[in-house]
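Please report on the fold and helix packing of the structure shown here. Keep it brief.

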Amino acid sequence: MFRVTRRYSFAASHRLHAPQLSEEQNRQLYGKCNNPYGHGHNYVMEVSAQGPLDPGTGRAVDVEVLDEFVRRQVLTPFDHRNLNLDVNSFQGLSPTSENLLVEISRRLNRNWSSAFPGEWPRLEKVRISETPRNIFEMESHEIG
Amino acid sequence: MLITRRVEFSASHICRQPQLSAEENARIYGQAANPHGHGHNYVVEVTLEGLPDPVTGMVLDLKELKEILNREVVTPYDHRFLNYEVAPFDRVVPTTENIARDIWDRLKPHVCGPSHQLRAVRVYETPDLYVDYFGEQPCSV
């Protein structure tokens, strides 16, 4: 069994703000990340897929197909966007990296078969770094 | 515990199946099917699993692992055209997956001991694309 991992990046802005909390509570909880004007990151995302080798091509994953799928599902809707304003899921939900990871993983998982209709390869995990020092990872079995 | 050693080599390759036409290969492998070849700075991470020896405090002396990696991987692969100079790539397409499996096969006889075994081979073709291979069966002593 092989695991093929591809790294992508996108840049986006966000503001961490939980609508259930008061302005003051949000300031205390999120600090600088609660700045009303927002701020941005260069997100780096790794998508891992798992599968056996296709004996014909010598590959476990067609990376061109994966690239096109990730571009459509994630990069186009997220790159150079304001997550709070441009992505429906974050209207009323704080776009923390945890919530961003859940949203991206769900999009990839839900639509995976449109790119890879066979039994293999399968989505194995998604990993996002908000900065090089903050890394978040989810395996496919955790995706609801 | 896991221990990992990293080595690098640079090599050129062509991704193509000899029985297919140039057009078919270009459709499957894209730019990687360029008949003149192209190259990468490959990075290989080899991970062993084991317990530290109670006397030496080491799973496997990393100096020894470094020598094995240089002898079995870097020397045959570095600054070579894989399709023409490195078996089995005269008959096996040198995709990142097949390179990871070949490195696993080359290392397995040398890094399986009573106290440690080969756990994973990771091959980076570029910093943005890598493959992990875990073998089809655990290595036996």
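## Helix packing in chain A

Helix 2 (residues 63–78) of chain A packs against helix 4 (residues 97–115) of chain A at an angle of about 130 degrees, with their axes 10 Å apart. That angle makes helix 2 of chain A oblique to helix 4 of chain A; angles under 35 degrees count as roughly parallel, over 145 as roughly antiparallel, 65 to 115 as roughly perpendicular and the rest as oblique. Axes are lines fitted to C-alpha atoms, for helices over the stretch in contact, and angles run from 0 to 180 degrees between N-to-C directions.

Helix 2 of chain A contributes Val65(A), Phe69(A), Gln73(A) and Val74(A) to the contact. Helix 4 of chain A contributes Ile104(A), Arg107(A), Leu108(A), Asn111(A) and Ala115(A). Contact requires C-beta atoms, placed from the backbone, within 7 Å. By class, the residues of this contact are six nonpolar, two polar and one charged. Ala, Val, Leu, Ile, Met, Phe, Trp, Tyr, Cys and Pro count as nonpolar, Asp, Glu, Lys and Arg as charged, and the others, Gly among them, as polar.

## Basis of the model

This is a predicted model: local features need pLDDT of at least 70, side-chain atom pairs count only at pLDDT 80 or more, and totals for chains, interfaces and linings use all residues. Residues are numbered from 1 along each chain as its sequence is written, while chains are lettered from A and ligands numbered from 1 in the order in which they are written.

The model scores ipTM 0.87 and pTM 0.91. Chain B has a mean pLDDT of 94, and 97% of its residues reach 70 or more; pLDDT is the predictor's confidence in each residue, from 0 to 100.

## Fold of chain A

Chain A has four helices and five strands. These are DSSP runs numbered from the N terminus: helices are H or I, at least four residues, and strands are E, at least two. Their order along the sequence is β-α-β-α-β-α-α-β-β.

The C-alpha trace of chain A spans about 60 × 25 × 25 Å along its principal axes. Of its 144 residues, 31% count as buried (20 or more other C-beta atoms within 10 Å of the residue's own).

## Helix packing in chain B

Helix 2 (residues 62–77) of chain B meets helix 4 (residues 96–111) of chain B at about 145 degrees, with axes 10 Å apart. Their crossing is right-handed.

Notes. A residue is buried if 20 or more other C-beta atoms lie within 10 Å of its own, exposed if 12 or fewer, and partly exposed in between; C-beta atoms are placed from the backbone. A crossing is left-handed if the near helix is turned anticlockwise from the far one by less than a right angle, and right-handed if clockwise. Two residues are in contact if their C-beta atoms, placed from the backbone, lie within 7 Å.
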